[in-house]
Amino acid sequence: AYAGVPGEAALEFKTMVRQMHRAGIEVILDVVFNHTGEAHEKSSLSSFRVLAPATYYMRDSETGAHLNFTGCGNTVNCNNPVVRRLIIDCLRYWVVEMHIDGFRFDLASIFSRAQDGGVIKNPPLVEEIAVDPVLSRTKIIAEAWDAAGLYQVGSFSANGHWSEWNGRFRDDVRAFLCAHDGCVAQLATRLAGSADLYQASGRRPYNSINFITSHDGFTLRDLVSYNRKHNGANGEKNQDGEEHNISWNSGREGDCAVRKIIILRERRIRTAALILLISQGTPMLLAGDEFGRSQGGNNNAYCQDNDISWLNWDLVNENRAIHRFFRYMIRLRKNHPVFRRHDFFESPEQEITWQGLKKGEADWAADAKILCFVLAGKGRDNDFFVALSSGVRPKMVELPEPPNGKDWRLIVDTAASSPHDIVDDARGIRVRTKKITLQGRSAVILIA
């Protein structure tokens, strides 16, 4: 349907990939091997259920009914040798013929189930993808859960080739942004690369795909604008879509012309972007978040082929201040390897130092709303001081001494309006005091 010339889809796709590569952009394909379009056993026959339903699908051994671990009425029997061969051959085709650079596997925990739905230790398909001579050279990313409650974030595979969508990162960051109690310690763990999930298996921070929003659920704009889903347009009486969104509307549900609320929402968007882009691991952005796209509170918009789900590129100009902030934050991350470590912090007291409002004093209390830390460049990069607040009121934060007689310079303040919210390193404003004011629901970054 996307082809410019009928019959030329494959050629056009190859051309697209080649042009992406010339621009330095890799292409990762989202693939869905957990269910097919054949739905339940009463739907019309089309392919696999004609050939060998007991081979291709998980079924109840007594009734023959399809087992449903996907939410779609049928689940592919991925670890059957015949089905494994089909999947591996399909993936190889996209790499060898189309030159794809990697894959994101939808509901990948289905790969960990046997035909009866039981969970398999060291599932054959997961292991085979990781060691295949063609596929092991690509990036392989698991959505490490399924629709029936099998949640494997941090334990999907110990093989270092597998990366995972870090659902814990998403939930812990959202909870902090909503000022929930007991979030500061968890946020620190996510900022540091989620060693609790990946270090024991020998994986690295970059195996954690950090995200706050994705194609499933709210956009970032909606995350700060809605307390609840608004899926009425989907025709299912608002019963579809996730109920547990960990969102806060910033004071009023939905579209709002109150200037105070608009300013707060934009501040929270900038703070979320900052947290994502300074965290150790691999950041993932939802397309359109960088220019404030909304779905009107719809958190399950896959079925909407209209302006609910379309990308409105005019928003780049309409919300150019937010777009600028994202661009500058990406530039900051790319320019400073201290935000892109390959290894976990082996000597935390020398490489990352945590504190609350007072220098040298970490605050892990359940009601804490402030998290600050120093990232040490260790002679290979600048040192940075980061302060994050989910609280309501401004707070005075004590600054640690900058290293080697250098100055702290303010380069990011998400509470400031554009273009003062973020500047290049060389234009940072020298901080001459021993304390700074951290506004509520905001973040600052100082560079030494």
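Which residues in α6 are buried? Hi everyone, let me start there. In α6, the buried ones are G167, F169, R170, D172, V173, R174, A175, F176 and L177, where buried means under 20% relative accessible area, exposed over 50%, and partly exposed in between, with a 1.4 Å probe and protein chains only. That makes nine of the 11 residues, so α6 is largely enclosed by the rest of the structure.

Before going on, some housekeeping. This is a predicted model, with local features needing pLDDT of at least 70, side-chain atom pairs counting only at pLDDT 80 or more, and totals for chains, interfaces and linings using all residues. Residues are numbered from 1 along each chain as its sequence is written, and side-chain values use heavy atoms, with hydrogens and water left out. The helices (H or I, at least four residues) and strands (E, at least two) are DSSP runs, numbered from the N terminus.

So what covers the buried residues of α6? The cover includes β4 (162-165), α7, β5 (208-210), α9 (220-223), α10 and β9. Let me follow α10 and β9 from that list.

First, α10. The axes of α6 (residues 167-177) and α10 come within 11 Å and cross at roughly 145°. Axes here are lines fitted to C-alpha atoms, for helices over the stretch in contact, and angles run from 0 to 180 degrees between N-to-C directions. The crossing of α6 and α10 is right-handed; a crossing gets that name if the near helix is turned clockwise from the far one by less than a right angle, and is left-handed if anticlockwise. On the α6 side, F169, V173, F176 and L177 meet R268, T271, A272, I275 and L276 of α10, with contact meaning heavy atoms within 4.5 Å. By class, this contact has seven nonpolar, one polar and one charged residues. For the classes, Ala, Val, Leu, Ile, Met, Phe, Trp, Tyr, Cys and Pro count as nonpolar, Asp, Glu, Lys and Arg as charged, and the others, Gly among them, as polar.

Helix α10 (residues 259-278) also meets α12, with axes that come within 10 Å and cross at roughly 20°. These two are therefore roughly parallel to each other, since angles under 35 degrees count as roughly parallel, over 145 as roughly antiparallel, 65 to 115 as roughly perpendicular and the rest as oblique. The crossing of α10 and α12 is right-handed too. In the contact, E266, I269, R270, A273, L274, L276, L277 and I278 of α10 face I322, F325, F326, M329, I330 and R333 of α12. Those residues divide into 11 nonpolar, no polar and three charged.

Now to the sheet. It is open, with six strands in the order β7-β8-β9-β14-β11-β12 and antiparallel pairing; two strands pair if DSSP finds at least two bridges between them. Why do β7 (352-355) and β12 (429-430) have one side left without a neighbour in the sheet? Both stand at the edges, each with a single partner strand, so that side is left open.

Helices pack on this sheet as well. Helix α7 (residues 184-191) touches β7, β8 and β9, and its direction makes about 30° with that of β8. Helix α12 (residues 320-335) touches β9, β11 (409-413) and β14 (443-447), at about 130° to the direction of β11.

Let me zoom in on β9. Six bridges join β8 (residues 370-375) to β9 (residues 384-389). L371 stands opposite L388 in β9, and F373 has V386 as its bridge partner. Towards β14, there are five bridges, again antiparallel, with F384 opposite I447.

Is β9 enclosed or open to the outside? Six of its six residues are buried, so β9 is largely enclosed by the rest of the structure. F384, V386 and L388 point one way, while F385, A387 and S389 point the other way. As a reminder, in a regular strand the side chains alternate between the two faces of the sheet.

At 3% relative accessibility, S390 counts as buried. Leaving aside residues up to four places away in sequence, S390 touches F176, A179, K369 and R441. F176 takes us back to α6, where it is one of the buried residues. Thanks, everyone!
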